[in-house]
Amino acid sequence: MKVTVVGAGAVGASCAEYIAIKNFASEVVLLDIKEGYAEGKAMDLMQTASLNGFDTRIVGSTNDYSKTAGSDICVITSGIPRKPGMTREELIGINAGIVKTVSSNLVQHSPDTIIIVVSNPMDTMTYLVHKTTDLPKSRIIGMGGALDSARFKYRLAEALEAPISDVDGMVIGGHSDTGMVPLTRMATRNSVPVSEFISDERLEQVKEDTKVGGATLTKLLGTSAWYAPGAAVSGLVQAIACDQKKIYPCSTLLEGEYGLNDLCIGVPVVLGRNGIEKIVELELNDAEKAHMKNSAEGVTKTNGLLNL
Ligand SMILES: NC(=O)c1ccc[n+]([C@@H]2O[C@H](COP(=O)([O-])OP(=O)(O)OC[C@H]3O[C@@H](n4cnc5c(N)ncnc54)[C@H](O)[C@@H]3O)[C@@H](O)[C@H]2O)c1
């Protein structure tokens with residue numbers, strides 16, 4: 001199993017580290033445009049191998065795509081992250097050009113690969129990869145919902161004063177502060193609806209804290225977060241590499257599902273060796289449907305900035 005991660009910055013390096021530590025891939029190629037940067041990160045990570053007990057070989061590359069040839073999975077994290085006060089949508093001008101070039105280069109060297117898009121605005125960048133490459137829709141996956149759901153579970157556990165392993169919940173919709181749809185109605189603590197334990201007001205607070213999860217960290221860190229994004233990507237990569245058939249909310253091209261068309265947005269999918277093997281259609285109530293529709297309108301508006 002060969003995995004390429006483009007962008008050896010905060011998220012890319014963290015993602016490569018988690019993949020290596022989980023020890024399921026034979027090779028991870030880290031590629032960056034900055035001279036020597038990916039080689040340096042790869043060497044540093046390789047020097048953790050004997051300490052962390054993994055055999056995955058991590059190779060660095062300065063923009064040499066021949067090293068990525070034959071990758072089963074490619075992750076795109078290249079591009080600028082947001083600074084405090086910025087929205088993800090504001091990154092489109094620079095990141096669209098980067099994602100377009102990177103995705104064509106990747107497919108040229110790995111025509112049967114599965115691409116996981118991380119660069120923001122992620123739903124629009126995922127849509128752009130569809131427009132740039134000939135890959136089937138099952139092989140183009142946007143990572144946002146896996147991270148947003150992890151943040152949701154963190155906030156739920158905090159409100160419930162429960163261990164995170166007891167908590168389950170999912171965030172669908174667009175990967176933006178206003179687009180996220182945390183499914184509080186379906187969230188559970190060990191199979192019991194969380195509404196049995198906390199008030200509607202507290203649950204509303206959990207929802208709002210989840211939606212601004214990324215912005216909260218950007219304000220604290222001065223740039224966007226990397227540990228949880230890296231871990232979320234590695235989860236998706238592992239589900240595909242190990243054919244786990246796990247359900248994650250991912251951004252995928254919708255063709256009528258959830259009443260939506262011609263956009264990529266977060267919905268639950270089954271991930272296995274072939275990428276997205278099934279889109280799971282949940283029975284949403286009227287409020288959730290309205291929130292999803294509103295979220296889709298936001299994503300479509302951002303897609304309109306692509307000048308396709
Ligand atoms: N989808 C999500 O859930 C999620 C979460 C966190 C961050 N992000 C996004 O991921 C992206 C990366 O964030 P980061 O914190 O790692 O940023 P970063 O600045 O630390 O790293 C980005 C890297 O991309 C490289 N790069 C730029 N242009 C390139 C090109 N053409 N080819 C190869 N490499 C190139 C840069 O040299 C840099 O090393 C941002 O767009 C950020 O908003 C998404």
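Predicted model: local features only at pLDDT ≥ 70, side-chain atom pairs only at ≥ 80, totals over all residues.
Two packed helices are described by the angle between their axes and the distance between the axes. Helix H1 spans residues 10-22, and helix H9 spans residues 227-241. Their axes lie 8 Å apart, at an angle of about 50 degrees. H1 is therefore oblique to H9. The crossing of H1 past H9 is right-handed. On the H1 side, the contact involves Val11, Ser14, Cys15, Tyr18, Ile19 and Lys22. Their partners in H9 include Tyr227, Pro229, Val233 and Gln238. By class, nine residues of the contact of H1 with H9 are nonpolar, five are polar and one is charged.

The second pair joins helix H5 (residues 122-132) to helix H10 (residues 286-303). Here the angle is about 55 degrees, and the axes are 9 Å apart. H5 is therefore oblique to H10. H5 and H10 form a right-handed crossing. Asp123, Thr124 and Tyr127 of H5 make the contact with Val299, Thr302 and Asn303 of H10. Two residues of the contact of H5 with H10 are nonpolar, three are polar and one is charged.

The ligand is surrounded by 28 residues. The closest are Val11, Asp32, Ile80, Asn120 and Met143. Val11 also belongs to the H1 side of the contact with H9. Backbone atoms reach the ligand at several positions. A backbone N or O atom of isoleucine 80 is 2.9 Å from a ligand oxygen atom. For valine 118, a backbone N or O atom lies 2.9 Å from a nitrogen atom of the ligand. Methionine 143 places a backbone N or O atom 2.8 Å from a ligand nitrogen atom.

Terms used:
Residues numbered from 1 in each chain as written. Heavy atoms only, no water. Axes fitted to C-alpha atoms, helices over the stretch in contact; angles between N-to-C directions. Helix = DSSP H or I, 4+ residues; strand = E, 2+ residues; numbered from the N terminus. Parallel < 35°, antiparallel > 145°, perpendicular 65-115°, else oblique. Left-handed = near helix turned anticlockwise from the far one by under 90°. Contact = heavy atoms within 4.5 Å. Nonpolar A, V, L, I, M, F, W, Y, C, P; charged D, E, K, R; others polar. Near = heavy atom within 4 Å. Polar contact = N/O pair within 3.5 Å; in protein donor to acceptor, adjacent residues only side chain to side chain.
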